[in-house]
Amino acid sequence: MDIKLSEDQNLLQDTAARFMQRECGFEFLRDIENNSNTGFCPHMWRSFAEMGWLGINLPEEYGGMGMTMVDNVILLRELGRKICPSPLLHTVVTAGESISRCGTEVQKRELLPSIVAGTSVYAFAFQELSRFFHPSHIRCEAKVEGDAYVISGRKMFVEFADRADTLLVVARTGGPAINRKDSSGLTMFLVDRHSVGVTCELMPTMSRDRQYEVVFDNVRVPESCILGNVDRAWADLEPAIQKTAIALCAYTNGAGFEMHARATQYAKDRVQFDRPIGQMMTIQMYLAQSIMELYGADTLTLFTASNMDQGLNVRGYVGKMKAFCAETVCRNMDTGSQIFGGMGYMEDHDTTLYLRRGKQLELMLGGTEYWLEVIAEEIIDRQPVNLS
Amino acid sequence: MNFEWSEAEKAYRSEVVAFLEEHVTEEVRGSWLVDTPARIEFVSKMAAKGWLGQGFPEKYGGTPSTTPFAQYILNVELDRFNAPIVGKNVGTIARTILHVGSESLKLDFLPKIFNNEGQWALTYSEPSAGTDLGNISTFAENKGDHLEVNGMKHYITSAHFCDWYWMVVKTSHELPKHKNLSLIIVDANSPGISIAPMYCVGTTTAERTNQVFFDRVKVPNSRIVGELNQGFYYMMQAIDYERFAIIAAAQHNRRFHKILEYFKEVDFAGERPLTDDPVSRSQMARLASRVEVGNMLERLCMCIAAERVPSVEASMNKAWGAMMHDETCSLAENILGPYGCLAKGSPYAALQGYIMEEYLMAGHGRIAAGGVDTAKTIIARRLLGLPNSFAPPVLSAR
Ligand SMILES: Cc1cc2nc3c(=O)[nH]c(=O)nc-3n(C[C@H](O)[C@H](O)[C@H](O)COP(=O)(O)OP(=O)(O)OC[C@H]3O[C@@H](n4cnc5c(N)ncnc54)[C@H](O)[C@@H]3O)c2cc1C
Ligand SMILES: Cc1cc2nc3c(=O)[nH]c(=O)nc-3n(C[C@H](O)[C@H](O)[C@H](O)COP(=O)(O)OP(=O)(O)OC[C@H]3O[C@@H](n4cnc5c(N)ncnc54)[C@H](O)[C@@H]3O)c2cc1C
């Protein structure tokens, strides 16, 4: 066993850290929040492509780097430290992985190289008008009409939808779900964002990112837009979502580490009662508790990624990882802000960018309730425990 | 023992409720920290009923109160109606003036407070004097018949519309820490005062607070409250009242019930969180018991306050309240899933973004007005008799 980074991984980490340090400061973040109509910087996106980051896990035969999920975690953690806004997660991980996993040869040849090159952005149209993430809550429908499908429905929290070229839409083709655990009857479609009948409306959020409500009003798409098997999308999509969850947790942990480092530095610098506030046991306990949780979260994320790289079934680990990282990092944003005292709650103070993202990162890609149920299924309903 | 209100208290409460039903308009609702004409008019109507000065001597404009709980009953009902509560003006300022102020300050300011003439800003915090208020450095120099104030304060809520600053300044370079501060009243329109806004994290409805700069501001000696250089002790006692008067459990109840009622009604395409989801049900039920405990700590605090300054109980009330703010908002967000993060302006935002905004400011209660850490320290020291952790090691002192 060895948790040291390889030379290449060190290089990746350093390159990413240096790039983020240089390009993704608070002024940049505020400018994106307040003035950008895309929610990310297209110029930076091109740099991502040039550095090969947009092909990180994609197969080499389609232009990707063919790197591991552990590498992805190392990269995303650096992006997360500087809470860098970009459509990488759903373009490269969710869509990239779904296409490489179940696309036809034609689709792979056509679509993957343009992801790697940074010339096409994907948005993930999954969540609907439900608090729940489980696919049984999907009602958006795709009906056969001759040699085409007609999609009707409403998708929520479609990040970067307005700027995306393609929407990865999960729609119902096999009738309504029979219960809350039913994940059958779904099909993935790759829909041109500019198709007739697609409209996007911005949903203003706490972190001021770009989430959209997307309405599909009888959107006709050819059969060639289907990705994977009809009615059986979940078998391909669930592993892609697991990968997305790992990348998201890596990002989230990075954000948590950065907030923690800032709070720790502040605890050393801020003097009250003639001593740095970090000399007070209360502050030490807050910071010690948080860093212990962050170490746990980070190691669990790397472990899950590494197991995935080995081709093992990681469903239970993904559940534990997502549930733990999400809650932990959000709480860490809260205690971190608290250490900054009044400043931690002033709009102009930079750490409020982290505070505003904590809860939202926790609730993205399925709230904790969803992932707890995944864990329960794995530990209670499935996995036999060998106590000897 | 008797937890029931007396007949007189019940009658008073009905009177309050009837008054609020008549006078709390949409403009009055939620005007907590903003000085709107509707708010002033509303509070003046309460003043006309004699409700602001209850329990204070009549010679200063007070009115006899039928019960020591009158102020509490009033605040709970005000809060239930989402109207501005009777807060620092009466709870902190009038009380301190009554206890330590000169006769002329009492005659001058108490009737004004009870008639709702003019607004006040608590003016303590400075960049290097946060939790450590003993470290205040804004200086008031003795110029014979007046003081001359120079320095800067920050996080001063209400400064942009107040008439007076209720302010603690340093008045001696020689005396030791804590014995060198004085409490003064400064006219907001005195020459030499300027302010700059500071906004709390959030969206359009974010709270505003202020930086306030004092440049050679003249304050007559008659505006010194109590004795010179005793300001720290007056401020500490006043903060005990503030913990209780401003950070009351009633707020947390209202927040909890507002969210509970919303969850009963809200319908996500046919799913209702509290009727259809056993997990949310049980989480809200558990929270309900914790919110109820907050009510108990507040009752405890009230009963003690009828007899003495409730410093330990006020600290418990304060700390628990801040925890409930946090727990309630965080749970509400979790139950809503991604919808918990929507801001005002989205048709899907829960309670028009209220839950999200409240979540962001939950941490504020953990640090302001003597935060959770300070409250717990007070409990450990004053209730449990544990030694001051800043003092030298006890054994080597022997
Ligand atoms: C089941 C068991 C097995 C043990 N086995 C061994 C053994 O094999 N060998 C051995 O040498 N010892 C052993 N111990 C003793 C153990 O190491 C001591 O109990 C421990 O060091 C704490 O010391 P104490 O009990 O004197 O408590 P104290 O040191 O008096 O501490 C009392 C409380 O104060 C807290 N506290 C103390 N100092 C600080 C501080 N600076 N900051 C914050 N909080 C503080 C502690 O956390 C604790 O809550 C064992 C104890 C137990 C319970
Ligand atoms: C929205 C808002 C409105 C406010 N309104 C007013 C107002 O109207 N008037 C006014 O005078 N002030 C006001 N304040 C200021 C508020 O009272 C201070 O923020 C508070 O006293 C904390 O001071 P600080 O921000 O300097 O934090 P610090 O004192 O620097 O504290 C930083 C952190 O250290 C912790 N800490 C400090 N000392 C200790 C200790 N001894 N033990 C354990 N932990 C400790 C704190 O809990 C906090 O987590 C307001 C603040 C806010 C955010």
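Modeller: Helices (H or I, at least four residues) and strands (E, at least two) are DSSP runs, numbered from the N terminus. The expected span of a helix is 1.5 Å times one less than its number of residues. This is a predicted model, where local features need pLDDT of at least 70, side-chain atom pairs count only at pLDDT 80 or more, and totals for chains, interfaces and linings use all residues. Residues are numbered from 1 along each chain as its sequence is written, chains are lettered from A and ligands numbered from 1 in the order in which they are written, and side-chain values use heavy atoms, without hydrogens and water.

Colleague: How far does α9(B) reach from its first C-alpha to its last?

Modeller: Helix α9 of chain B, residues 278–305, reaches 41 Å, close to the expected 40 Å for its 28 residues.

Colleague: Which residue caps its N-terminal end?

Modeller: B:D277, with a side-chain oxygen 3.1 Å from the backbone nitrogen of B:V279.

Colleague: Which residues of α9(B) are buried?

Modeller: Among them are B:M284, B:L287, B:V291 and B:E298. Buried means under 20% relative accessible area (1.4 Å probe, protein chains only).

Colleague: Strands now. How many residues of β4(B) are buried?

Modeller: Six of the seven in β4(B), residues 164–170.

Colleague: What does β4(B) pair with?

Modeller: Pairing takes at least two DSSP bridges between two strands. β1(B) pairs with β4(B) in the parallel sense over four bridges, with B:T123 opposite B:M167.

How values were computed: Buried < 20%, exposed > 50% of the residue type's maximum accessible area, 1.4 Å probe, protein only. Polar contact = N/O pair within 3.5 Å; in protein donor to acceptor, adjacent residues only side chain to side chain.
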